[in-house]
Structure formats: structure tokens, C-alpha cells
Amino acid sequence: MTAVLSVDGLHVDFQLPGAVVNAVRGVDLEVHPGEVLALVGESGSGKSVTAASILGLLPGTARVTAGSIRFEGNELVGLPDKRLNVFRGAGIGMIFQDPVTSLDPSFTIGSQLGDTARLHLKVSRDAAREVGHTWLDRVGIADPERVLRSYPHELSGGMRQRVMIALAGLSGPKLLIADEPTTALDATVQKQILDLLLDLTGETGTAVLLITHDFGVVSHTSSRVAVMRAGAIVEVGETAQVLGAPEHPYTRILIDSVPAIGQRHAVAGQERRLLSATPHTGRVQLSDRTAAPRPDTGEPILELAGVAKEFAIGGLGTGRHKTTVRAVDDVTLSVRRGEIFGLIGESGSGKSTLARLAGGLLPLTAGRINFDGTDVTAVDKHDLRRRFQYVFQDATTALNPRIKVGDQITRPLLRLGKASSRKQAAQLTSRALDLVGLSAGYADRYPREFSGGQRQRISIARAIALEPDLLILDEPTSALDVSTQATILNLLLDLKDELDLTYLFIGHNLAVIEFVCDRIGVLKQGSLIETFEADDLFAADRQPATRALLDAVLPLGAPLTTKD
Amino acid sequence: MVRQILWRLVNLVPLLFVISLLVFFISQAGPADPIKDVLSQKMSAEQIEQIRQAYGLDQPAWSQYLHWLRDMFTNGGGISLSVRSPVSGIVYPAFLNTLILGAATVVVTVVLGVLIGFVSGIRHGRLVDRAAMLFVQIGSNLPIYWFGLIIIWLTAVWRNWLPAGGMHDLRGDGGFGDLLLHLIAPAFAASLVSMLIVARFVRAAVIESAQSDYIRTYRSQGFGRAAILGKHIGRNILPPIVNTTGLTVGSVITGVVFVETIFSWPGLGSVLLNAIAGSDYPVIQSGILLVAVTFVIVNLITDVLLDLLNPRLRHS
Amino acid sequence: ACGGNSGGGSAAAADSKPRDGGTLIVGQYQEVTQFDPNRQYSWETWRIDRNIYETLVNEDLSSPTGVPKIVPGLATSWTVSPDATTYTFTLRQGVKFTDGTPFDAAAVQFNVRRFIDPTFEYYDKVSAATMSLVYGDLKSFDVVDANTVKYTFKHPFLDYLRQIPNSGNAASGIFSPEALKKYGQDGLADHPVGTGPFTFQERVRGDHTTLVRNADYWGARPHLDKVIFKPIGDDQSRVAALRSGAVDLISRVPPDSVASLEKAGYAVPENKGVPQIIYYNFNYTNKFLQNKKVRQAIIQAVDRKTLAEKIYKGYAEAATSIINQGNEAYDASAVDYPYDPSAAKKLIAEAGYQPGQISFNILSDTTGQPTAEFIQQQLKAVGITASVQSFEWITYGTRSANLKPEDGLNLGEWGYVAPNWVKIAHGYSVAGRDGDKYSDTSADTLKAIDTAAYNADAGKSKELWQAAAQSWAKDATIFPLLSFNRYYAVSSRVGGFVWPQQDHYDLSQVWVAD
Amino acid sequence: MTVVAPPRLRRSAAARFVRNREALLGLIVLVVIVGISVLAPWLAPHDPNAGDPENVLNPIGAAGHLLGTDDQGRDVLSRLLYGGRGALVVATVAVAIATVIGTLLGLAGAFAGRRTSGVLMRVIDLLFAFPVILVALSLAAIVQPGPGVLIGTVIFGAVPYVTRIVFAEAKIEREKDYVEAARSLGASEPAILLTEVLPNLVSSVVIYGTSLVGINIVFTASLSALGLGIQPPNPDWGRMISEGAKVLVTGSPGVATFPAVAILLVALAFNWLGDGLRDVLNP
Ligand SMILES: Nc1ncnc2c1ncn2[C@@H]1O[C@H](COP(=O)(O)OP(=O)(O)OP(=O)(O)O)[C@@H](O)[C@H]1O
Ligand SMILES: Nc1ncnc2c1ncn2[C@@H]1O[C@H](COP(=O)(O)OP(=O)(O)OP(=O)(O)O)[C@@H](O)[C@H]1O
Ligand SMILES: [Mg+2]
Ligand SMILES: [Mg+2]
């Protein structure tokens, strides 16, 4: 069988002022008709860049310096835009990593689908609309008519992701490149979308290049896997083969790092760690903070009582009727000192909002919040900020695009008195970056010069550098490959033990939640429907909503290799 | 939407009231004296006093202000102090002329500014870009006194292509075509300043749009350059265009004074200048109120248009 | 056509024959004020108004040289009492206002009562104030019979006849009483009705005023069917309008454009008898200028001849007396103080000032700016520091009406054919500014001016006024500078245009080529 | 996990600035013009105010007068060298002040409560609607016509624009997560405005500010021509243009054209400099 796509010795460089970044250094890939090839690998290893270069859509600063990309025998490297357009869409379809910004905000979904349909299928306006309708149906959208009339901002993240798939699938491409198409989705929606991709390959023989870091997704969907690291492919093979018997050491590390439900007790001893990752213990201490006499563990550090939050939309002067959205509804909850409290719930259930409320970042509509015994609305904010930190959900927007990442870490250190001098702050910054697996040399880059996962780690570094007593982590590892994720999780655990920290951990990867957390709370439409010990996740008396989340977890097809 | 418009219109009332107060008392604060200015050159003190009484200028300022306010509502601004003619007859026609020139200027600004900005933006960094930006930069920084004269001498005296000034050919019948012909040079000259701003904004918006993720999506689907540029970038840069256009309208209306002088355009600029010089309060105040109302209305239209253009803000 | 023909006649269309019909477009340098003769001011306004309204007597404006002769206007004849206090006019019969109402003694009475009789229903304070410039000494007005009216003044007023048709402000043009009744005190300004050769058609403010030929005019038929006056404030734009053919005639030609206009075939007539003078007023609230020696030093420090000949390239004459070159009493040999910088330095020292100690502002409009800068340079040479502030003419009006103590000189531009100009000028520039307090011989000057003003002997008039002017000049209370001798530029389409020795012109005998 | 050491970036602002040829050109032009203005007393061949009635309107290249003389017989070259002093100082100082004020107002407006920002923006609308000419005339009546009037007028005219631009952009920035992040990292509100949001607006502000400098040099020139600014006979480009306009088409075009070109050059230089600064501030 001849490959639809073959990539040979691809090299891609970024020209930065005063430096060259070799993002891709010799990638070789083949994708065959009808197969799903999963591309996994370290965050920042060049997956997205490889994908973009196939379609000739690299950013202006990037250049293919060597190698060839052949699609159905046609060389794509060096082709002018006009010639590439022949292959784009009809030949190769692409689903980008970030669905939120990838749809045109000024046109309705119907118009965007219709344009694509008319371009590739050469049909009339009405027929194009029909095609759009059918495709929305196919990607599992319940009311296609409404969605056709909607603008992107009026849809939820999952819906937008599905629209992207419809857009890419509609022209019937021979090859579909999907860059982390399910990262932002909760487990239920994720499963739907993957099944849809599988349908496509089955029906039309479309080949899929699926970039992901979720091994559940890999084993559920792909027939072959390619593993990428530091700009090059290190291993390719049948999925079962690679997952079952990885050859390359890095692949092995990756597989070992995959969190699986029930892993919590895989290791004996009271210190729970993911063994695949290099242990940090012994060197996690950032500053010379001596472990103060440990206050009694078990005391509540954060207490929420009857907390509610309503958002007002519209009202006087905006020309819209005033409506309110009740994002958090009468939540009562307490987080104990030294524990890791997990918060789960479907997308939009109010997890992030609750987290913001806890630190006094949003005014309360009702209820009361105590931090370490004092009301957060009354407490000295300066003191609160030193002891209470966040890792925000969206690392891209939580970083200031115009400030070098080093400064973004240094400034709060100085401001909150963690460092007494510039020099000390800089040292702490390098330590923190180092701990999250980024070298200090990254400090003078701007956020947009990082990959998605790298940005997320910077956010984490920024928060842990402050060594807060309570750290809220809002889906902190969603964009990380499993090995990096393991490293980060271990780091967090180390830090917690060392410094006696408390975490509020928000996530949708139940394996991770189960592994990391001590107790778990489930949110549904703003209400906390239950809380339980992590060990009781699978208890029979779980609420239906919790159960639904559990059911959608993709199992790893291959048995886990455990280290002996 | 309707409520928003109504709300803004309600807001207008205190705004205009403050403007009127401000204008009135600022013009009174100066040392100028309407009667002295206009007539004093050739008149004695008693004569001046006599006229002052006749015009009611011996009354305290607040009472004059109230008078004028009443006039504003009853007869469109009262009587001009310097020429004893109804203010409405002086200000409104001139304002209409300024509006005509202003509208033409805005049209030229937008058409040329958008065109240049667009071409520059899509040819970002190339020669065309540099040349186009240089062109608008030069244009907007040419002293109008100098450039206006050069235009007149080139187009009217050296070559008889365009009229030398004014709004109508006094020998002709003054049709619409004639008006357009007279508009070309002053509208072009007046548009140069704002053209730079519009062009720069459009250019920046095009560059930004072109690098945006959704344009990348279109490209990945194999849309041709022209289709992407024309339809999608075009639509997405409309809001900044509308916004900057709204912003320039104010400057155009108050800023055409110099252009009006050089091109003998019978607009509000010279009326205001004369009135200011003669401390002709009723004329000054009515004129500025008109400008203010126009500006606020343009702002309102801009905001409404922006809402209509931006689906994220639109009421669904 | 070649320019520079002395005497002020337009040779431009000399070869074309007079032709009836056609439109003349005049480019004026200012927006006109209002077409109410008793309230109007500014020369440009009168240049329009005098075509609409006529006066009892008129001036013969058909000759480019010599003081215009007084000729019959709405009055066919008149007598002046020997003591020059009583003027009796026999009115022209059969004349109608353009609204159809008759012109008669009652109409004249209505006009006069409007500005002298506070008991009159149509009395108007504004008109009264404006008209007092000429009629301030009017004792009574009488209607003798339907065609005869009589004006009686308190004092001999030899110049009255000359004042009647001669006006920038306080115009004696006769309007239709019916029009005033119909349109009201303020309405006449926009609905002017007179008896003149042209009838008002429309005024579009800021843009143009159109007059059309009065078909029922009692006098000779005007050649033109239509005259349009268009204000073009900017000097260069006005010249451009002329050169592009948009207008046929412009006033106030910038001196720098004279040569190029002539070269391009436009007539820029020269007139050395313009009844106008550019002068500087002294500000008597300025402490330096209260000293006569300083004022005299200023006059002696400035070389007016060089200013006229070099800076203005000979398009101006130096003026050394307040009596302007077009005045009936003009005396070319009268000199207040001659150019003598060393004498000026000495005077300053005598006044007790070191070089550089005296400083003040010179206020000027932009047209006069070169003059101001020239003066400034010359004053610098004798140790006086002057700073120039120059404004557009409208802003200048405000500024110069509100002088501050640090202001020294401010520009003036005025003048008359009638010799009582001396009195008017003295009243405005000196007496009205408390200048008499700071002059050594003010008593003599006032006496001399009164003697001349109340003199009833026409033969002695010129001599008396000259004496008054000389007496005044000794005090150095005003600083005469120069008079321009180019003012109008005329397209070659235009025939019959004459620039007489007056501040306006007669359009009734002008024609345009096809 | 092994950390691949990233390449170190050479990010010196100066280096980036120098790479931008236009910006460098702009800077050089400005330095030269400022230098000339400062050194005018030593460079000028003649007293710029000394008229010479015998040598009025000499043509370009006349003996002793490289660029000819004006209608008072003053040396055009000398006046040109001196003439930039007022314009440069006035325009840069005024625009700088206006930019600072406008930026602060816009930022404050965007981050203030709805009511405060509503009132602020209505006041800005009001300033917009107020003819600048009237402001200039009133100012001239209160203080002496001169640089003060020009600076005041330019500030008055420019503040509303800068405020509106900054307000609009800051409102967008306000909604971004990094602001909230900064808040959670202990930044005070003023610190958020000045150290977090401002860097994101700086490129717009710089572009706008530098455009304004050029435009206002031209504008103040027109005001000077109305008699509200720099007073004669002191040489000033704006005045030179309006005075030179008298002879622009009558055989001495240089008198007005040289200063017009000078103004144009300065304005362009500022524009280029702005583009360069934008690149430096916005890598
Ligand atoms: N615009 C850019 N400028 C400079 N370097 C960049 C740029 N974009 C990406 N890089 C670098 O290129 C490398 C590969 O990035 P890429 O986005 O392909 O990673 P990835 O494999 O998709 O990672 P992730 O799983 O985190 O999305 C990274 O080291 C990143 O820092
Ligand atoms: N500023 C806001 N204004 C209006 N509504 C908001 C605002 N922020 C959040 N919401 C609404 O509140 C609800 C909860 O949002 P939240 O971000 O807390 O969800 P989440 O549980 O974190 O979801 P996800 O897993 O997708 O991150 C959603 O319906 C959202 O639309
Ligand atoms: Mg990626
Ligand atoms: Mg969330």
C-alpha cells in the first residue's frame, strides 16, 4: 500500500532575533490510506510545527530548511500558495489545536460551512447549506438548524470543536490532520468525537494523522503510533505493539507515565509518586523556607459556606435584556490543610468560577469564604496573595503576551516579598523553570514563542515559585504529554510534602484526579452534588453525574507495563 | 438596540447643556467685547454704550445666557450681535455646507484610507506597502497652507481642470455635478490628515487578521488568496474602520477651517472664526452646539454600527 | 494689456466695445456685513450697498484722477447756506424704489428720523449710534415740500456734501420705508430695497451676493445684467480665483502678486490718489509712549520711504502726514518728522532711557506684518525693543480693541476724501485714547481742528485743515506710514472699470466681453 | 526528564532598533534636525531677523544667500535653521503631555466602574466636540499668544483622541485573563494598569503619538499663521510657510517650500521612529 503522505527528513527552523530555534530536526513519517496514525510526544517536541508544515501554514518566522513532504506523490515543500491550494481542503484537511480562535468570528457557522462546501463540492448555495446540515448532524450536533445560524461565540467549546471537524471533513480529504482535537473536552464529548473520526476512516478511507498526548485516545483510535521527541521521530509501530512493548527508552517512559485509574496504590509506601518520572525529592525546595512547626493537619484551611455567584449579562446601556447566569449555586465545602482536594464536573459546571471565588478574585453573590480562619473579603489582600495562588486554566491568556516570561515570574516574587533582591528573584525564577522542565534560558522569551504545553508549565512555575500555602490548580496538565505530566505531578506532590502545601485540583482526567487527590468533589450546574474520599471514586453509591463521567473514560487497550 | 439608542439620546441632553454653558462662559471670560470689537474702530464711547443697551449686553451674563437658551428653543438661536440677523440664517446654511464638505472628506478619507491600508496590509513589508505608507505619511504631514495653494495653482490656474474654490460655479446653474467638481480639491486636501490614521489602522487590522487562526483555517481549506482577503479579512476589519471613521468625523468637522479658508468654502469654519473674533455669542454657541450634536450623533451611529458588525456584541 | 498705466483707468478691455448684458463677478477680501445702510460698516459692504441704495448727492467716479466732483444723485439740485449749516435739497421726481413705492420727501424724512428722532416709531438706536459719525451735529431736519428737504446743523459743516456719498460706515443711502416696515428693523439688512442701478437678488452668506440690473432705473442703463460679489478671504486664493477666471475683479491685491498679475495680462491699475492711509496708533496706556520724545524717536527711526519703495516695491507711497494722499487737503510737502536715526537715539537718551530699556508690542494684522517687522528692525537699530504680534484681520480686530499696557503700536487703515478726516482721525486715535494728556500742544491742536471743522469759508478750508494737521503732527501722537497705490486687479474681460480717487467704484458703466 | 537548553536570544533593544532601517533613518534625521536647531546660532550665515531692503526676494543661490531671501530681505537659510526650534519643542512637548494624560485617562476610564467611565467618556466626547480653534483663541486671550497657547491647544486637541484609543484597547485588555492573574499575584490596581496592561498598549500609543507629532507640527504652523503662536519676526517654519505663500507662485517658491519640506521631514522621521519603537517595544 502506498502512503498518502510521506515526510522525509523534515527540518524546520524558527528565526528569532539573534537565534535560530531548530523546532523540527529530521522527521520521517508515512501515513497510509484508511489508517489512523497517532503522533504522540513530549510537549514542545515539534508536533504542531510538523503538522503546520505539511500544509504550508507555518508562521512567518519559520522555514523548512530540509526534507521533503510528499502527498500522493506530489512534493509539497517549496510549492507556492496557489499550487498548495489544490491540495488543501480537498486533499488534506486540518483540525487545529485551538478551536476557539480557529473559526471566523464574523460569519455564521452556516456561512463558513457553505463556503467550504461550494469551494470543494462545486454545489449551489442551497445545496451547500444542505451539506452543512448533514455534516453537523454527522458530528453529533443536536439542532443543526440553530447552529447553522449561530456565530462561533454562541457555541460551547465542544460544539466548536465539532464544527471544526465538520469543516475539515466536509470536503472529503484523503488525509485529515487533527491536532489535539479533544484536549478541551470532557470525557463524554471526547468519546463522541473520536468515534466520529473513526467513522470517517471507515466510510471513506480517509487517513488520519492524530496528534494527542492522551494514551486512552491513542489506543482507542489509532492503528499505528509515532513517538516524537526533541524534533524527531524516535519510534513508529503498530499501536498494540508500541503500547505493549515499547522499544525506545523514551517511549517506555511515556507509557509508564500514563496515569491509569487505580494507580494510586500501585506503589507501596505512604509517599505516592509516579515512578516513571525522575523523582525530585530532596531538591524541590525553592527558598530556604524551613518547614515551620507543622500545624495540625486536618484543620480546614479554606471554608466555603453557602457560596453562590451570579453573572449579570446585559442590562442598562448594553441594549440587552438583563439576565443572570447562576454559575455557582450554594456551595458549601471545606478544604483541609495539607490535603489535595479534587474538583470535577462537566464543562461549564462552575469549577473555574468557584476557584476564582475562593481567592477573592470575584465578588460573591452570596455566602462566606474563610481562608485560614479569616474572611477573604476582610483579610489583607497582600497577605492573602502570598499564601494563596492559582494556576489558571488557560495558560495562553493568563500570561501577559508583552512581558518576558522570566519577568512574569520575578515580579510577583519581589512584590510579595518572596525575594529580597533582584538577584535572588532571578535565581528563584531559574529554579522554578528548571523544576517544571524548562531551562532558565527560556526566561527571556515571550509567551508566544512557546508551545502550548510549555506555556502551561510556565504558569505552574510562576505559582509554585511563590510557595503558597494553598494552591489552586485549574486543569494544570491538560496540554502536557504524559511524561511531562508525570514529572509535574510528582513535583507537585514533592512540594506538598516538603512545604506542607494544600491543593485544590481541578481536572477532567479522572485517572489523574484519582491518583493525585485525597478527596473529590463533583460539581453539576453550579451545585456541589457530592464529595467523597478518592478511594471511594468507584463506590456504588456515586451520583449518576459522576458515574457518567467515569463511564466515558477511555481504557488503555494494552496492558500496562509496570516497572519491575 | 433601540433602548441603547434612546439611552444615548437621553445622555445627550446634559452633555449639550454642559457644552452650552462652557461655550457661553468661556467666550464671555475673554476680554473681548462684542460691540467694541465690531464697531469700536470708528465710534465714540457713548455710541458704544448706546448699542450695548440696545443689544441687551448691559445685563448680567447669566441672564444673557438664559436669553440665549430660550432663543435656542424658540427661534433657533436668537439674533446675531454683529450683524443683527437671525442666527439660524447664518449658522445653519454654513453648517450644511461644512457637512457637505465634511461628508465628502470622510468619503475620500475612508475610500482612499481603506484602499491604501488594505493594499499595504496584504503586501505587508513589500515595496508597495512602503510606498503606500510613505504616500499617506507625506500627505498627512504637508502643511495645508502650502499644499492647498499648490493644488489650486496646479489644478485651477496652471491647468483649468478644477475650480479655484467656492462651492458653485457662479456663472453656471450650480447642479450636483458642479458641486462634486468643487468638492474634489478641498475634500482631498482635508482628508489627508485623517487618511494616515485610517490607513494605518486598516493596515494593522489586515496584518493582524491575516495572521489570525481563522484565516489559517481558511487557508487550510484551500481558499484562494483573493476570496480570503476580500470576504473574510474585509469583514473582520470593518469594525476598526468604522471606529476610526467615527473618530475622524469630529476632527474633520472642526478641522476643515483652514481648508475652508483656502478653498473659499462657505462653511461654518469661517462663520465661527468671524463670530469668535467679534464675540458674537449667539452665533458661536449655536455653531458649536451644532458641531457637538453632530459629533455625538456620529458617535452614536458608530457605536450602533459597531454593534451590528460585531456578532459578539449583538443581541441574539 | 500692459499694467502700470498711471491714473487708475482700466485699459484691459479698452479695445472691446461697451456691451449690454453679462455678469460681472467681483472677488472681495471680506465677507460683507449687512445691507442696512444705517447699520452697515466696512468698505466692501458699501461697494455693494451703493449699487442698491443711492444718496442725495453723488460723486462723479468716471475719472481716474482728481478729487471726484459732487454731482446730482437723488437730489437734482441743492443749496448751502452761507454759514454752511443749512443744506436744502430738491429731490428728483418720478423715482421709485424697486419695491414700487415712490421716493419723495416723506421717504427721506422716514430715513432720517430713523436715526435722529427717539420719538419716532421706527427709531433705531443702533442706526443712531452708527450714523452719529456724520449726523451727530444735526440740529433739525425739515420737509419743505413734497420734493424738498432741509438739513440744519448746529455748526458749519462744509464737508457734509462730501460725506453723503462717501462712506464705509454711516452710509446715507436712502432705503424704502415700506421695506423697513415690512421686514422690520433687523429685516432690512437681508431685504435691502433702494433706488439704485442694481437690485438685490440674493445673499448666500459666506458665498456670494447677487445683484441684478434695475430695469426701471431712472438713470443711464447699466451695461451689466448681473453682478455677483464673492468673498474670498485668503489673499492667494483670491488671486488664484481671478487667474482661473472664476472672478473678474478683485480688491486688495497683495503687493507681491502685482508683477505676476500684470505679466499674466491682468490690469492692476495704479492710483496715487487713494483716500486711504496706513498708520500706527500709539497706545497711551503704555508708559514709554506717554513721553513725546519717545514717540518722536519712533517716527524718526523708521525710514518710510525705503519701506514703500523696497519692501513694497514702489506699490506704496510713504505717508508723512495724517492727511492721506487722496484727501482734498493733501499736501505732499507736509512732513511730521524726517527719517533720522541718530536724532532718534538722542531723543531716547534725552527721555532718560538706555538702549534696550524701551520695549512694547506692535500689533498688526497679517497683511501689515511685513510693515511691522520692518519697523521692528528699524526700532532695534535705535535701541527700542519691539515684539510683533500679528493676527488674521478678524482676530486682529478683537485684539486691537482690547489693548494692554505692554502694547505700543497698533495698525490702523482708514482715510477720507473729505478733509474733516483730520478731525475724525484725531478724535479716534488721540482724543478717544486720552492722548491729549500726553501732548505738549494739545490745546492748540484742538483749537486748530475746531477752527477748521467749523469754518464756513470753502476757500480757506484746505489751508485750515493743513494747519490743524501740522499742529497735531508736532505732538507725534500718531505715526503715519504709507498709502498703497495698487488695490484692484481686473481681468481683460472687463471694460470700463475706473478706479477713481475714492474707496469704491462705479459699476454702472462697466461691461464684460462675451 | 532531560532539558534541552534553548538557544539564548540576543534581544538588546538597541540592536533591534538598529536593524530597523526606517527607524534608524528617522532617528538620524531627527538628531540632525535637532542638532541644527540647537547649533543654529553658529551655523546660520546671517541674523535670521535682519532684513535688508536692498536684497528682497533674492532667488535661490544668490550671492551670500544660498536659499535666497524673503520679502523682507532676510536670509531664508538662516531662518530655516532657526525655524524648527519652536515647532519641535512645542509639538513634542505637547504631544508627549497629551499622550501621557490621554493614556492615563483612557486606562483609568477602562478600569473604573461603569458610571465613572461613562462620565469620563462623555466628558471626552465633549472635548471632542469643542472646536480646537476656539480653544486656541480663548487661550490667546487669557495668556499671551505664543508657545504656551500652542502647547495648550495641542494638548486639548490630542487628549481626547489618545484617551479614546487607549480606552477602547484597554477595555479589551481588561477582559483578558492575565489581568486577573496579575491580580492574584498580588499586583495593586495601579500596578496592573501601568506594568501589565500598559505594555500591551504601548505600541498603539507610540504609533499614535508619533503620528500626532507630525500632524501637530503642521497644525501649530497653521495656528502661528493665525497669529496665535510663535510671533514674528522670530523665524518659525509655520509662519515662514504662510508668509512665503504670498510669493509661492510669484517667482519665489523657495521661501515657503523649504520650511514645508523641513516640516515634512520631521513628521516623517517621527513616523519612522514610531514604527521602529513599536518593533522594539513589541518584539
Ligand atoms: N513562534 C515560535 N517562535 C519560536 N519558537 C517556537 C514558535 N512556535 C513554536 N516554537 C518552538 O518550537 C518547538 C515545537 O513547538 P510545537 O508547537 O510544535 O510543539 P508541540 O509538539 O505541538 O507541543 P505541545 O504538545 O505542547 O503543543 C517548541 O520548542 C517551541 O518552543
Ligand atoms: N464572566 C462571566 N460572565 C458570564 N458568565 C460566565 C462568566 N464566567 C463564567 N460564566 C458562566 O458560568 C458557568 C461556569 O463557568 P466555569 O468557567 O466556572 O466552568 P468550568 O466548570 O470551569 O468549565 P470548563 O471545564 O469548561 O472549564 C458557565 O456557564 C459560563 O458560561
Ligand atoms: Mg502543539
Ligand atoms: Mg474551567
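# Close-up views of a predicted four-chain model**View 1. The side chains of Lys380(C) and Asp47(D) form a salt bridge, with 3.7 Å from N to O.** A salt bridge is taken here as a side-chain nitrogen of Lys or Arg within 4 Å of a carboxyl oxygen of Asp or Glu, and the rule finds three of them across the interface of chain C and chain D. The model is predicted, so that local features need pLDDT of at least 70 and side-chain atom pairs count only at pLDDT 80 or more, whereas totals for chains, interfaces and linings use all residues. Residues are numbered from 1 along each chain as its sequence is written, chains are lettered from A and ligands numbered from 1 in the order in which they are written, and side-chain values use heavy atoms, with hydrogens and water left out.

**View 2. The interface between chain C and chain D draws 27 residues from chain C and 27 residues from chain D.** Contact here means heavy atoms within 4.5 Å. The two chains bury about 2200 Å² between them, 47% of it on carbon and sulfur atoms, where buried area is the accessible area (1.4 Å probe) that two parts lose on being put together, summed over both. Five residue pairs, both members at pLDDT 80 or more, are in polar contact between chain C and chain D; a polar contact is a pair of N or O atoms within 3.5 Å, and within protein one must be able to donate a hydrogen and the other to accept it, while residues adjacent in sequence count only if both atoms are side-chain atoms. On the side of chain C that touches chain D, the elements giving two or more residues are α7 (255-263), α9 (304-311), α11 (369-381), β15 (384-391) and α12 (393-401) of chain C. Of these, α11(C) gives the most, with eight residues. Helices (H or I, at least four residues) and strands (E, at least two) are DSSP runs, numbered from the N terminus. By class, this side of chain C has five nonpolar, 13 polar and nine charged residues, with Ala, Val, Leu, Ile, Met, Phe, Trp, Tyr, Cys and Pro counted as nonpolar, Asp, Glu, Lys and Arg as charged, and the others, Gly among them, as polar.

**View 3. Ligand 1 is surrounded by 21 residues, the closest being Gly44(A), Lys47(A), Ser48(A), Gly453(A) and Gln454(A).** A residue is counted as near a molecule if one of its heavy atoms lies within 4 Å of it. Oxygen atoms of ligand 1 are found 2.9 Å from a polar backbone atom of Val49(A) and 2.8 Å from a polar backbone atom of Gly453(A). From Gln454(A), in contrast, a polar side-chain atom lies 2.9 Å from an oxygen atom of ligand 1.

**View 4. The surroundings of ligand 2 in chain A include Ser349(A), Gly350(A), Lys351(A), Gln393(A) and Glu475(A).** A backbone N or O atom of Ser349(A) lies 3.2 Å from an oxygen atom of ligand 2, and for Gly350(A) the corresponding distance from a backbone N or O atom is 2.9 Å. Gln393(A) places a polar side-chain atom 2.8 Å from an oxygen atom of ligand 2.

**View 5. In chain D, the spans 23-44 and 87-111 are among those that an unreviewed UniProt entry lists as "transmembrane region".** UniProt positions are given in the numbering used here, and such annotations may be inferred rather than shown by experiment. In the model, residues 23-44 of chain D are 95% helix and 0% strand, with end C-alpha atoms 28 Å apart, while residues 87-111 are 100% helix and 0% strand, with end C-alpha atoms 35 Å apart. Chain D has 10 helices and zero strands, and its C-alpha trace spans about 85 × 50 × 30 Å along its principal axes.

**View 6. Within chain B, the side chains of Asp213(B) and Arg216(B) meet in a salt bridge, at 3.8 Å from N to O.** Both residues lie in helix α9 (residues 213-220) of chain B, three residues apart, about one turn of the helix.
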